[in-house]
2 protein chains.
Amino acid sequence: MPNNIPYKTYLDESEMPLKWYNLRADMKNKPAPLLNPGTGEPMKAEELEGVFCKDLVEQELDNDTQFFEIPDEIKEFYKMYRPSPLVRAYFLEKKLGTPAKIYYKFEGNNTSGSHKLNSSIAQAYYAKKQGLKGVTTETGAGQWGTALSMACSYFDLDCKVYMVKVSYEQKPFRREVMRTYGASVTPSPSMNTEIGKKINAEHPGTTGSLGCAISEAVEDAVTHEGYRYVLGSVLNQVLLHQSIIGLETKAALDKIGEKADIIIGCAGGGSNLGGLIAPFMGEKLRGENDYQIIAVEPQSCPSFTRGRYAYDFCDTGAICPLAKMYTLGSDFIPAPNHAGGLRYHGMSSILSQLYDDGLMEARTAAQTEVFEAAEEFARVEGILPAPESSHAIKVAIDEALKCKETGEEKTIVFGLTGTGYFDLVAYEKFHDGKMEDYIPTDEELEESLAKLPKVEEK
Amino acid sequence: MPNNIPYKTYLDESEMPLKWYNLRADMKNKPAPLLNPGTGEPMKAEELEGVFCKDLVEQELDNDTQFFEIPDEIKEFYKMYRPSPLVRAYFLEKKLGTPAKIYYKFEGNNTSGSHKLNSSIAQAYYAKKQGLKGVTTETGAGQWGTALSMACSYFDLDCKVYMVKVSYEQKPFRREVMRTYGASVTPSPSMNTEIGKKINAEHPGTTGSLGCAISEAVEDAVTHEGYRYVLGSVLNQVLLHQSIIGLETKAALDKIGEKADIIIGCAGGGSNLGGLIAPFMGEKLRGENDYQIIAVEPQSCPSFTRGRYAYDFCDTGAICPLAKMYTLGSDFIPAPNHAGGLRYHGMSSILSQLYDDGLMEARTAAQTEVFEAAEEFARVEGILPAPESSHAIKVAIDEALKCKETGEEKTIVFGLTGTGYFDLVAYEKFHDGKMEDYIPTDEELEESLAKLPKVEEK
């Protein structure tokens, strides 16, 4: 163990962050506001409060407050599964023969299997505080639905999850975990909502989509007294809560006397990446330190690298506000890709603005090379990574191998967002040589981008 | 947080145990030796070395050495996933309203999902050290096979796993994890071995059994140059390696100034229970401290509570040595019970002797009440427990509720051996009200016990 740096660094509970960090406060160019799709005007708090919890709307709209106190109830819950370890990947370094130092922040040691719990517990708390009966949401891969079920069970809130039908049928185990936590899980499109009925009538036998499940969950919330809709990614509030990942990472690095050179995270809607990089990007924005920050997205769903920075719908039903983001068009249907958590057509407005300002870079990774990296990692580091997380592993390995060539001793930090226990169908395809890569054609992207809503920014 | 006791206590890496503790050294009545089924004489080292690795045979037979140095290579590997946390179950205590303090040692934070890795890495190390090509084993529930695959991948050893056919077919995900680690997984009975062919011929379409898979794995090892057979439970060597669980538990309790009153572990073959209780039982044997020690076994496979203390075969093929243990008879077929890891007809010789000497007690738990406890635990403690581990949870809750009645502030420690991500078919049955309890009849047990081998102890 060189330099006496342990394999795993855990903060003491007394060293855990007491506040979430709001990156927007340090951004010169603020993320673009959500717009009312009818009027084209920025959404007002009153408008959003019909859909979202009151305190969360406040967090959503606040671009100025640098830190938000974490309520005691949430800090207590965090102690159930946090602090998460910052792991020195000594075994991987040895395998690669790199002079680089590799660290990963591992968020998978809880039953939801991912970092999603960091925000679900916050959102459930504010719903309870507001005296609500329950919340609704959608889930694709199932990590967010599981995390929300756990949080709602803790605060004794009703939890209604609309699960994309194909996942509901193909991932019965995910569904059972949610049921263990008392959630009701409905395959989407369902007959519970008007939009579900309409889609079922128009497309009999459809296996559903994330965009459709969002629309159903929102409709369910706004048509039932005492319910609100909650979302696991993309929104500013989610990135605020997820800043706990980056804050702990930074504190652990400081504790062992390390400074990161490169920070890498996978990017779907941006919940993990935005949380992981928050304090580092803050230092960069304030001119205190520089970091190379890399977002990794699937080749099959390349919002940053091949999308357009524009206002777009968040859902296919077009009942949510418009968000300005790097998008492939809300009509874009990502090809079957087992990193279900990265199959979203758009990207967090905060991250989109930072990327547009040249403060971070983005890369794509092909599915097969992601699974190669996942397996290489699993064999030496003893963790079976989620396909989403493995996008970051892939690029971390690439960067470590570059250091091997140049002899540079860079410090690489990446986010290992979760475990792959529910992704073994994908691993099986990979082992059997049946996994295929998919690159959307230019024509395909042109077609979906042509349908972007016409919005005049005011 | 009363008394400033943290939710989770991690030892520093510098505080991790450097030696395994051999409980046998402190036992007045030593566990009975393995016997040669042909001669009835105690097995000699030379005889065992045809089946097992040399160093492991030495550990198996040594009833005197109190501590064994953990080799550096194993200590390094342990740092990949150890120390495991000792968790204060504040949330469970609050839910139960008990004055008792509840702690659990959680062994599930690694991809094998259980404590089995503690011994598999040791066994793989000694196989490598001996210059072997590989090892063979059997697996039922799949935890041991997964753990061995990880260990063999690390030391670049060939790993052949005979997986009970019904599990192979019903648990394809377990199989995929093993394949991720490069193991070859064969459904048993197979056509690879003479005994497999014989069983397939006699029972066409059989879905296999653990006893049969053991026989196949042993035959495969002894008929291939450079291979040995390894086992995940029951044997003395396994309990020696698993003492790391108890040693860490004891060290963590000492660190926070706690003394356990009651120690609870689930018991199948005894690998977890024997490891968890080792240092505590040691103090008890040496008269330094007293502890109430409770083994919990499934009502459907009650070796301690309804078995006989006698010499018996370890496998159905009767090619392994005879072991003296609490047994239901090697012919006993446990009813379908989802705690696959506890479905063994016998029990570790060490634990059998301790139980016979009145140094520990044993209780049974019915499957449905085990799952009730599992769900209650999952909802407040945020970990989805394995069915095996949940036997210990059930009795920990019972004891905590007794304290609630009497007002006693006992300190309860139990072993949470693993996670239930691969047991969701069982959770689903439980949620759907389709889970059944099963109590073997007296006649059934009489019948299988009547077939115990006649052994004259010398």
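Predicted model: local features only at pLDDT ≥ 70, side-chain atom pairs only at ≥ 80, totals over all residues.
Within chain B, an open sheet of 7 strands with mixed pairing is found, in the order β1-β4-β5-β15-β10-β11-β14. Its edge strands are β1 (8–9) and β14 (361–365) of chain B, each of which pairs on one side only. Strands β5 (residues 101–106) and β15 (residues 411–416) of chain B pair in the parallel sense over 6 bridges, and Phe106(B) has Leu416(B) in β15(B) as its bridge partner. Helix α12 (residues 271–285) of chain B packs on the sheet, where it touches β10 (262–266), β11 (292–298) and β15 of chain B, and its direction makes about 160 degrees with that of β10(B). Helix α15 (residues 367–381) of chain B, in turn, lies across β4 (86–88), β5, β14 and β15 of chain B and runs at about 90 degrees to β14(B).

A helix pair was also examined in chain B. Helices α3 (residues 72–81) and α5 (residues 117–129) of chain B pack at an angle of about 150 degrees, with their axes 10 Å apart; because angles over 145 degrees count as roughly antiparallel, α3(B) is assigned that relation to α5(B). The crossing of α3(B) and α5(B) is right-handed. Residues Glu73(B), Ile74(B), Phe77(B), Tyr78(B) and Tyr81(B) of α3(B) meet Leu117(B), Asn118(B), Ile121(B), Ala122(B) and Tyr125(B) of α5(B), and by class this contact comprises 8 nonpolar, 1 polar and 1 charged residues.

Technical notes. Residues numbered from 1 in each chain as written. Chains lettered and ligands numbered in written order. Heavy atoms only, no water. Axes fitted to C-alpha atoms, helices over the stretch in contact; angles between N-to-C directions. Helix = DSSP H or I, 4+ residues; strand = E, 2+ residues; numbered from the N terminus. Parallel < 35°, antiparallel > 145°, perpendicular 65-115°, else oblique. Left-handed = near helix turned anticlockwise from the far one by under 90°. Contact = heavy atoms within 4.5 Å. Nonpolar A, V, L, I, M, F, W, Y, C, P; charged D, E, K, R; others polar. Pairing = 2+ DSSP bridges.
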